[in-house]
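Keep the 3D view open as you read.

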Amino acid sequence: MSVFHSVTELIGQTPLLQLHKLASGPCELFLKLENQNPGGSIKDRVALSMINEAERRGLLAPGGTIIEATAGNTGLGLALIAAQKGYSLVLVVPDKMSREKIFHLRALGAKVVLTRSDVNKGHPAYYQDYARRLAQETPGAFYIDQFNNEANPLAHASTTAPELFQQLDGNIDAIVVGVGSGGTLGGLQAWFAKHSPHTEFVLADPAGSILADQVEHGRYSTPGSWLVEGIGEDFIPPLAHIDGVRKAFRVTDREAFATARELLQQEGILAGSSTGTLLSAALRYCQAQTTPKRVVTFACDSGNKYLSKMFNDDWMRQQGLLTRPSSGDLTDFIALRHDEGATVTAAPEDSLAAVLARMRLYDISQLPVLENGQVVGIVDEWDLISHVRGDSTRFALPVKAAMTRNVEILDKHAPESALYAIFDRGLVAVIADNGRFIGLITRSDVLTTWRNRLEQ
């Protein structure tokens, strides 16, 4: 086996996996595992290419500052390489990005600036406009601008495309791609136009993005919103050369997340939300074929960046993307059910220190206190403050000394209106079934349930 001397040498030459357990119709479906790059995504290739080209052109001085707008993965690639080469890095990131990506970026030494994800191009808070303005205001900064940087598609024309061609002995009928910056599509198209012009390119687009409209109608209207990260746009990225695409599939968040979860369960591949979009479109394309074809798509990044979101059943339910059968009673409002093992609880003899540790670990502010399956109290952050009062030794006190015993318990068959009186007093509702604890209902739980009913 080879010995490498820099993490940058590990970028590229990713494996190609043929999928056998998903319904691909008459086609052979292959997944290029870009999640095996050292930064965990296909964007490692782009980051390395753009930094190398900036150095070659004298745009980056030793110890300089790179600024970029990113949905996360390009930022991770840039952070990985900037750390190796000694550059400072400032990244402007939309606030819908997963916490894992943000934590990873900061751990690599990047400065992360969060901005709004609910605004479009032209708004001062839009992440690309924000990053460009920040670069203009920062002396000596270089705005790397993946959306207009020709070294972006060059990375795929010089590495990804010939790798794929070699791995499949030059026999590729279709490639299914998504578009974020457009570099993957543009770079692959440029190479295959010369070496395999019969290869068809298929667009996988999040529902709400305008790119599928552009492919099908040559125009687009007002964009919507989507939760999938890294692909889909509200404008046409110039690097994409999207006019070369003839077929597009719109994929909802629900479809994308379900497909990514199925990929993990069926094929053992932990991949991200954009992969779910691409794979869903690829499967639909394959199933529509009447003759066998060899089809390729990408595991764009690793699913370990989405464990708190797409692979978290509780988050999926809160987004209305995973639902339980309706019970027609108050249990429909419970986000975290105790009988499903989702509730974090305390026992009367637990220490206040243990309770605080659970609050921090699970990012919650209150816990029900259970004894023999029944709620005997609730302990929240104010209870801890009231009983510790600056004396750290009091964290050794048992929960029963600090908990609130005035608990509002409702039977699951109580009317919905019974919740309002409890909320009006600033309390949470404890729901029970014949005295056995089922879960808590907060104001937020009710609002989320109502919203999800509307969307359904």
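**Inside the cores**

Ile-175 and Phe-298 touch the most other members of the largest nonpolar core, which has 62 residues. Remember that this is a predicted model. Helix H9 spans residues 273-287 and gives this core its largest share, 7 residues. In general, nonpolar side chains tend to be buried together in soluble globular proteins.

Now pick out Phe-298. What is it in contact with, once neighbours within four places in sequence are left aside? One of the contacts is Ile-175. Others include Leu-31, Ile-42, Leu-164, Val-176, Val-177, Leu-188 and Leu-278. Lys-32, Glu-34, Thr-160 and Thr-275 are also on the list.

Move on to helix H3, residues 99-107. Which of its residues are buried? They are Lys-101, Ile-102 and Leu-105. These three cover an arc of only 95 degrees around the axis, so they lie on the same side of H3.

What covers these buried residues? The cover includes helix H2 (73-85), strand E4 (88-94) and strand E5 (111-115). Now turn to the face of H3 that points away from the buried side. That face carries Phe-103 and Ala-107, which are exposed. Here "exposed" means over 50% relative accessible area, whereas "buried" means under 20%.

Follow the chain past H3 and you come to Gly-109. Its phi is positive, near 100 degrees.

Next, find the open sheet of 3 strands. The order is E13-E14-E15, and the pairing is mixed. Which strands sit at the edges? They are E13 (409-411) and E15 (436-441), and each pairs on one side only. On average, neighbouring strands of this sheet are turned by 35 degrees against each other, direction ignored.

Look closely at E14, residues 429-433. E14 and E15 pair in the antiparallel sense, over 5 bridges. For one example, take Val-430: its bridge partner in E15 is Leu-440.

**An annotated region**

Finish with a stretch taken from a record. An unreviewed UniProt entry lists residues 336-397 as "domain: CBS". In the model, the chain over residues 336-397 is 31% helix and 21% strand.

Conventions. Residues numbered from 1 in each chain as written. Predicted model: local features only at pLDDT ≥ 70, side-chain atom pairs only at ≥ 80, totals over all residues. Heavy atoms only, no water. Buried < 20%, exposed > 50% of the residue type's maximum accessible area, 1.4 Å probe, protein only. Helix = DSSP H or I, 4+ residues; strand = E, 2+ residues; numbered from the N terminus. Arc of directions from axis to C-beta. Contact = heavy atoms within 4.5 Å. Pairing = 2+ DSSP bridges. Axes fitted to C-alpha atoms, helices over the stretch in contact; angles between N-to-C directions. Core = buried A, V, L, I, M, F, W, Y, C linked by side-chain atoms within 4.5 Å. UniProt positions renumbered as here; feature names shortened; annotations may be inferred.
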